[in-house]
Amino acid sequence: MSILVDKDTRLIVQGITGRDGGFHASQMLTYGTKVVGGVTPGKGGMKTEDGVPVFNSMEEAVRATGANTSVIYVPAAFAADAVYEASDAGIKLVVCISEGIPVKEMIRILPYTRERGTRVIGPNSPGVISPGKAKVGIMPGDIHKEGNIGVVSRSGTLTYEVVYHLSRNGLGQSTCMGIGGDPVIGTNLLDSMALFAADDETDLVVLIGEIGGNDEELAAGIIRDGYPKKVAAFIAGRTAPPGKRMGHAGAIVTGGTGTAAEKIAAFEEAGVEVATTPSQIVDIVKGLMA
Amino acid sequence: MKIHEVDARGIFSRFSLPVPPSRLITEAEQARAAAGELGCPVVVKAQVLVGGRGKAGGVKLASTPAEAVEKARSILGMDIKGLTVEKVLIAKAVDIAEEFYAGMVIDRISRKPLMMISPAGGIDIEEVARSTPEKILKVKIDPATGLLPFQVRRMASFLTGDKEIARQLGPVFTALYQAFMEVDASLAEINPLVVDPQGRVWAIDAKINIDDNSLFRHRDLAGMRDESAEDPGEVEARNSDLSFVKLDGNIGCIVNGAGLAMATMDMIKHYGAEPANFLDIGGSSNPEKVLAAMKIILRDKNVKAILINIFGGITRCDDVAKGLIEARKNLKMDVPLIVRLTGTNEEEAKKIIRGTDLVSAESMDDGVKKAIEMAGR
């Protein structure tokens, strides 16, 4: 099955005529994703080099293509509007790659999208990939391998690192999703776990967390109360100093909370083994599968 | 982004919060005129971007203009947690009968603005949260409706049984919420929010942090940044669009992606050494960024080896390799560079590095071990 994206995904790329949007639209097509259109206001009517039609608005694009998913590569100042527009046009899944959306915009966006039945991934997300089916985002497709491990993560390249080790050891993935490093995101760790719990094809979930907030602690609580899949975890930021933002807007230890130590303790208490290095995830997963 | 108390007071005043009048001065002698205009007693307050100013002796009461000058002289130039006091605020003093706390943050889980109030004001709210959590009332606010009258009543009655004081608290809560939302704050605090012996309510301290992501639409606030309070490397990094945090170890790191950068630091520690920094060069493989990153790390004389850990996706390994060769040529450095490049165009990158004095690593683990070993030589 996999979750969120698959062969039925019909994708619109918002910001397709930009440098990043254009490059990744091409990459996604190559991977086999059905990229049915792109949107750039004022550039409607043209086609990209790959022959993808460009529309002026999401409303127009959805009407012409029957798209159900969109991915956003527009500058931060326009990204919030892009999410609203996609949701208003009836898109069911919006993956926001753009980073730098003010938190105040996110707390307004999410009630809006929820009311319209749209799920938002991100912002500041590397995207979602169901290996062999569809890739929606910026991750390198070739490091992934089809299988039955679900991966959910707050970061990008760290996820690639973990996935790289999994694939090289023959451990394939059902779906890998990057939920984004911002403090307020559309789909958090708990939401992602619920999606994997309901997926027949996912046997085990790898959680890649980091300092800041307390999503990991809440996830540990859910596991303790009886989560239907096996879980392995990694937490980044054991050496992060308090009060400093570690790149991601949400990766900060404030007032002594949100530390890696607390998160690791919470997982261990719930019986989840936490890897000390990214490559060690492989041993833990193999142990759980045995 | 942190802003100074004087700027936070200015924002609060704009939203009609009851902030006592004040003057900002940079020379001790200016305190005389300021205290004279405001009327004594006054409080002399160091303007530095760290907490615990009071405990450090950076906040003093003066009952005459002459005393204000003397206190200002003792505070100006003072070192508070590594920061030199260059400005002090002279504020009209308020007698304190009661001290409350009022603050606002964004609650990550409910994804809503959250107001927190407490009758235990004047002390660190995190301490109150740990020792007496029952003394904090948290109220989630729906951004579609704003703060509602019933919530205001509930908060006021949590703080006081006095109707006259409660009547003044309502507008304070509303203004705090409005100020928080209007300036895209990530934190806004009045600590303490006091009641004077005559029953009047005052916001005698002000703290606001601004959401960095919102600065593109707040030019006026962006100008309030005080770079003197930051590590020079961190300022330079921000100007080069890099994310950098200085640490105390001797292994410098250049990594693409925040999560991988943290994991790299953690692994250095795991194998028994200490990282010198956190540095995320972001998703782009622009050779200029690699050069800028290298310059920032080389400022730190503790650094004995630099580990470059790149997992190429959009970032192309060969571009990074070119940037590194360029940096090696143009920058004076006597520390070894250990390079781990995996992903897009990895083979081309390895060809570029072969034959140079850059040390190639097969994996992240291998790179970290090599860096530690070479730093120890």
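In chain B, B:Arg111 sits in the loop that links β7 (98-107) to β8 (112-118). The model is predicted, and in it the phi angle of B:Arg111 is near 55°, a positive value in a residue other than glycine.

B:Asp184 is not a glycine, yet its phi is positive, at about 55°. The loop that holds B:Asp184 runs between α6 (163-182) and β10 (185-195) of chain B.

In chain B, the bond from B:Cys40 to B:Pro41 is cis, and its omega is near 0°. B:Pro41 belongs to the loop between α2 (30-38) and β2 (42-46) of chain B. In chain A, A:Gly122 and A:Pro123 are joined by a cis peptide bond with omega of about 10°. A:Pro123 is placed in the loop between β6 and β7 (127-130) of chain A.

Chain B may next be considered as a whole. Its secondary structure comprises 13 helices and 18 strands, and its C-alpha atoms fill a box of roughly 80 × 50 × 40 Å along the principal axes. Of the 377 residues in chain B, 47% are buried. Among contacts in chain B with a separation of 6 or more, 68% are between residues 24 or more positions apart.

One helix pair of chain B can be followed in detail. Two packed helices are described by the angle between their axes and the distance between the axes. For helix α10 (residues 287-298) and helix α11 (residues 317-330) of chain B, the axes come within 8 Å and cross at roughly 45°. The two helices, α10(B) and α11(B), are therefore oblique to each other, and α10(B) passes α11(B) in a right-handed crossing. On the α10(B) side the contact is made by B:Pro287, B:Val290, B:Leu291 and B:Met294, while α11(B) contributes residues including B:Val320, B:Leu324 and B:Ala327. By class, the contact of α10(B) with α11(B) has seven nonpolar, one polar and three charged residues.

Chain A is divided into domain 1 (10-121) and domain 2 (139-289). The centres of these two domains of chain A, taken over C-alpha atoms, are 27 Å apart. Nine residues from domain 1 of chain A and seven from domain 2 of chain A take part in the contact. On the domain 1 side, the elements giving two or more residues are α4 (103-115) and β6 (119-121) of chain A, and α4(A) gives the most, with five residues. That side of domain 1 has seven nonpolar, one polar and one charged residues.

Methods. Residues are numbered from 1 along each chain as its sequence is written. Chains are lettered from A and ligands numbered from 1 in the order in which they are written. This is a predicted model: local features need pLDDT of at least 70, side-chain atom pairs count only at pLDDT 80 or more; totals for chains, interfaces and linings use all residues. Domain bounds come from an automatic or database domain assignment. Two residues are in contact if their C-beta atoms, placed from the backbone, lie within 7 Å. Helices (H or I, at least four residues) and strands (E, at least two) are DSSP runs, numbered from the N terminus. Ala, Val, Leu, Ile, Met, Phe, Trp, Tyr, Cys and Pro count as nonpolar, Asp, Glu, Lys and Arg as charged, and the others, Gly among them, as polar. A residue is buried if 20 or more other C-beta atoms lie within 10 Å of its own, exposed if 12 or fewer, and partly exposed in between; C-beta atoms are placed from the backbone. Axes are lines fitted to C-alpha atoms, for helices over the stretch in contact, and angles run from 0 to 180 degrees between N-to-C directions. Angles under 35 degrees count as roughly parallel, over 145 as roughly antiparallel, 65 to 115 as roughly perpendicular and the rest as oblique. A crossing is left-handed if the near helix is turned anticlockwise from the far one by less than a right angle, and right-handed if clockwise.
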